[in-house]
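User: I have a new model open and would like to go through it with you. Can we start with the strands?

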Number of protein chains: 2
Amino acid sequence: MDKILIEEFERIVGKPNVVTNIEQMQNYLVDETPPSVRPKPANDLALIRPADTQQVSSVLRLASKSRLAVFPRGGGTGLVGGAVPTRGGIILSMERMTGIEIDEANLLAIADAGVTLGRLAKAAEEAGLSFPPHPGDENAQVGGLVATNAGGSRAVRHGVMRNQVRGMEVVLPTGEVLKLGGRLHKNNVGYDLMQLIIGSEGTLAVITKVILRLYPKPGATMTLIVPYNNRHDALSSVPKILHSSTPLAVEYVERDLVERTAKRMNANWPVKTGRSHLIVMMSEPNRDQVLSESLKVAEICRENTNYETFVAESKSDQDNILRIRSDIYFALKSETMDLLDITVPTAELEKVMGEIENVATRRAALLEVFGHAADGNLHVHIMKKEGEGAKYVEDLRNEIYEIATRAGGVITGEHGIGKIRTKKLESLMTSKEFELMKSVKRMFDPDGILNPGTKIPA
Amino acid sequence: MDKILIEEFERIVGKPNVVTNIEQMQNYLVDETPPSVRPKPANDLALIRPADTQQVSSVLRLASKSRLAVFPRGGGTGLVGGAVPTRGGIILSMERMTGIEIDEANLLAIADAGVTLGRLAKAAEEAGLSFPPHPGDENAQVGGLVATNAGGSRAVRHGVMRNQVRGMEVVLPTGEVLKLGGRLHKNNVGYDLMQLIIGSEGTLAVITKVILRLYPKPGATMTLIVPYNNRHDALSSVPKILHSSTPLAVEYVERDLVERTAKRMNANWPVKTGRSHLIVMMSEPNRDQVLSESLKVAEICRENTNYETFVAESKSDQDNILRIRSDIYFALKSETMDLLDITVPTAELEKVMGEIENVATRRAALLEVFGHAADGNLHVHIMKKEGEGAKYVEDLRNEIYEIATRAGGVITGEHGIGKIRTKKLESLMTSKEFELMKSVKRMFDPDGILNPGTKIPA
């Protein structure tokens, strides 16, 4: 990159916060996308770490002037290559922007983009409040969580990130700063540009600050594991549960997979019966209530299974289950060629899983499937197969996408489009809809400098 | 209007569904906006009542070709003149589009734009589910509720309309039909155009169908009235309540006003103590739980008052309270010059109400104030005053807006901008933000035919 440009960046953020040696920025060139589908990073890059919104603004103004690609970067926990810098330009890491204020009176957190999910949850807790959603890895940063509209398992009761955002500060490619929304629970003033930026994956503006809703301190929680003979019985329970109760989470896993995951972690999956398990996380204001709701759910599940429901009440037992469930991805990662994130109407899950199984059989493919059952959100790992490469993955992926869309679903419920799903995008909508999305991109980022190659191509 | 055009519209929707006699469309020329600020309707209008999306599409295509203004119309329950047809053109009433399907397995309602809120709630109930939000008059139609991102009192737990929408079908001014979202609880495919249309007040597209989230059947509810000596004591309770519990609704009213309202209705407000009342609506899975949560809330409130909390448990007692609360608007309507809808951070409510009171004293103005306390959403009625007219209203309104924005608030939390607040809009944001909003409008409606004069001017 041009030396004079580098010096200008150094003047803005300070010399120690501009890195140009590619060896020293290896961690910034990847994200959690499986290596076999992860895009290749560019070489001519500068890593820039601004300290505040003013610096972000100055950096963007300079980048705009120089038509330099800008890759905003949060925790790098994405799964679709969204944060990988695939062109020469700058990586704009938000890691130094870590201010957080808990506004107790308004039940809000005001967090700089670089605050991690773990820190947000902890800060809320310390103030006697809570942030119950758990939209990903605890090292994810709030800017990225909002930019990708992250979901996660605990979206059943509280919804995805979009439902938590009350306000944000963003910087446009020109360096202009916009403050959208506020410390407000209702706002119907203009068109809601904030909603457009949520889920735009860093392609419209750089998020520097977010205002998030907090909730009362958690009362009592319980985690149930309900074992079933088969997938059909397990998934048939889900609508029945949701008709009577709204748990934090309802997850579908297969025992074989969670046991393998547990083994790898030297942990122990506590339920040895049944082939298919539902994990139901309950949260109610106090112990009596969580017990009463949990009993109700267990009773509903009993219509579809003869196995006993396992009830975890101690924090350590509940944490153990959550840890194993969260580790499935890491257990599979090294053998995963691609990880899909299809989402279908909840009631279509069983049919869709059956069709995916047929594809696996027909193609002699190894697929590992689990997901957020109540959200209809399935993660399908396409596992490595001797002698198979990119074409194998693409064919499988296309078949699975086709199954999802035929069932009224979409190719991504939470991971987003990133850089590895953009090719598919245009075929998923009418030309008019695609044209409108391209207009949105041009409106915010006419020169296409923000996270190029991601979501909607400029 | 041109006779040939009228005949073309008649061919599309059938002769009985085109009305050109202005005497026969009087109900379609107004909405619930107080008459003294309500915009004047135009004269040269045709009322068109399409039966389905295809007809809406044909009507819009024809209107586009003829550059005819189109005023989409739902239940006409808006409070800012959004549905008033202020230019020659057509009124597009959705009243005949009343299909509704309850998708029990996916906990969704799929409703045509003309389905009323009352019918939606009833249909959900009949299927053993519920639609707990209550964003306005029961005659409001779902198309309008989504187009205006309606709020209402029961937004504390479940959020505003935006949080309920999972999908929609809309028709663009060109007649093109877009299907956005779906029967899905998570969706991160493209830019979320659906979110842009929610709250756009009929200026970007005509909503023909919406997919809304439903909830489990209601368990048990209780309504508390907590009397306080004064506003300060009442409002200081609100954050304390929200730190421990998430009621359906937390409303602030003054006893004098609810008693006057009750008297007008030949009803009886059940609490005779205190000057300021909080109405807290509780809903929990069963009676034990609602009792336990209600006791907890009552105990928290006791820190700020010595009066007994009144507990309504029977359906008729609860309905009586809700009916009186909902009727405040109608009790005041005939004497109201303008009804404001400011929204501020919840914790600023007390200060803001104090400042509004000072304005009233200084200007010898009669203002009636009540609101959705937990949402920071205040309704301020500017009441008629002998010898005062438009200038008086405007001066008061501007002072109150100034108080709200200084406190970090906005001029509308739920009613929207409509046609009577557009003048103010530009001054409430940076020029860049306003420019982006104008680009959004041009993107969807380049000829500015959709609901002209509303929200963002073309």
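**Strands and a helix**

User: Which residue in β6(A) is the bridge partner of A:E101?

Analyst: That is A:I110. The model is predicted, so local features need pLDDT of at least 70, side-chain atom pairs count only at 80 or more, and totals for chains, interfaces and linings use all residues; side-chain values use heavy atoms, without hydrogens and water. Residues are numbered from 1 along each chain as its sequence is written, with chains lettered from A and ligands numbered from 1 in the order written.

User: How many bridges join β5(A) and β6(A)?

Analyst: There are 4, in the antiparallel sense, with β6(A) covering residues 108–112. Strands (E, at least two residues) and helices (H or I, at least four) are DSSP runs numbered from the N terminus, and two strands pair if DSSP finds at least two bridges between them.

User: What is the strand order in the sheet?

Analyst: The order is β5-β6-β10-β8-β9 in chain A, an open sheet of 5 strands with antiparallel pairing. At its edges are β5 (100–103) and β9 (177–181) of chain A, each pairing on one side only.

User: Switching to α1(A): which residues are buried?

Analyst: In this helix, residues 3–13, they are A:L5, A:I6, A:F9, A:E10 and A:V13. Buried means under 20% relative accessible area, exposed over 50%, partly exposed in between (1.4 Å probe, protein chains only).

User: Why do they line one face?

Analyst: Down the axis of α1(A), they fall within an arc of 145°, so they share one face. The arc uses directions from the helix axis to the C-beta atoms.

User: What is on the face turned away?

Analyst: The exposed residues A:I4 and A:R11. Just after α1(A), A:G14 has a positive phi of about 90°.
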